[in-house]
Amino acid sequence: MALTTPVKDSVEAATNNLREALAFAARTEKPITIHALTDILMRIESLEHMDELMCKFSAPSTEKTGL
């Protein structure tokens, strides 16, 4: 099951906001703050890729294994 449209839209909005926060933080904040924002951003961006991967593993296989 793929992410629903409202979830995708919210994740995209969060990603955009985090990118903007990271741009401001890069100019004025301490490195630990920048690291934390980057970590959150990376986790959110990987969410859709992980969801696609899980869909592939949970989908019934149409190939015969020969076993």
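**Exercise 1. Determine which residues make up the largest nonpolar core, and which elements give two or more residues to this core.**

Solution. In this predicted model, local features need pLDDT of at least 70, side-chain atom pairs count only at pLDDT 80 or more, and totals for chains, interfaces and linings use all residues. Residues are numbered from 1 along each chain as its sequence is written, and side-chain values use heavy atoms, with hydrogens and water left out.

Step 1: A nonpolar core is a set of buried Ala, Val, Leu, Ile, Met, Phe, Trp, Tyr and Cys residues joined through side-chain atoms within 4.5 Å, where buried means under 20% relative accessible area, exposed over 50%, and partly exposed in between (1.4 Å probe, protein chains only).

Step 2: The largest such core has five residues, namely Leu18, Leu22, Ala25, Leu37 and Leu41.

Step 3: Two or more residues of this core come from each of α1 and α2, and α1 gives the most, with three residues. Helices (H or I, at least four residues) and strands (E, at least two) are DSSP runs, numbered from the N terminus.

**Exercise 2. Find how many salt bridges the structure holds, and describe each pair.**

Solution. Step 1: A salt bridge is a side-chain nitrogen of Lys or Arg within 4 Å of a carboxyl oxygen of Asp or Glu, and the structure holds two of them.

Step 1: Arg19 pairs with Glu45, with the closest N and O atoms 2.3 Å apart; this pair links distant parts of the chain, since Arg19 lies in helix α1 and Glu45 in helix α2, 26 residues apart. Arg19 is partly exposed at 45% relative accessibility, and Glu45 is partly exposed at 31%.

Step 2: Arg43 pairs with Asp39, the closest N and O atoms being 3.2 Å apart. Because Arg43 and Asp39 are four residues apart in helix α2, about one helical turn separates them. Arg43 is exposed, with a relative accessible area of 58%, whereas Asp39 is partly exposed at 30%.

**Exercise 3. Identify which residues gather in a patch of negative charge on the surface.**

Solution. Step 1: Patches are made of residues with over 30% relative accessible area and no salt bridge, like charges being joined within 9 Å and nonpolar side chains (Val, Leu, Ile, Met, Phe, Trp, Tyr) within 5 Å.

Step 1: Glu52, found in helix α2, is partly exposed with a relative accessible area of 41%.

How values were computed
Areas by Shrake-Rupley, 256 points an atom, 1.4 Å probe, with all protein chains shown as cover. Lys, Arg positive; Asp, Glu negative; His and termini not counted. Charge placed at Lys NZ, Arg CZ, Asp CG, Glu CD.
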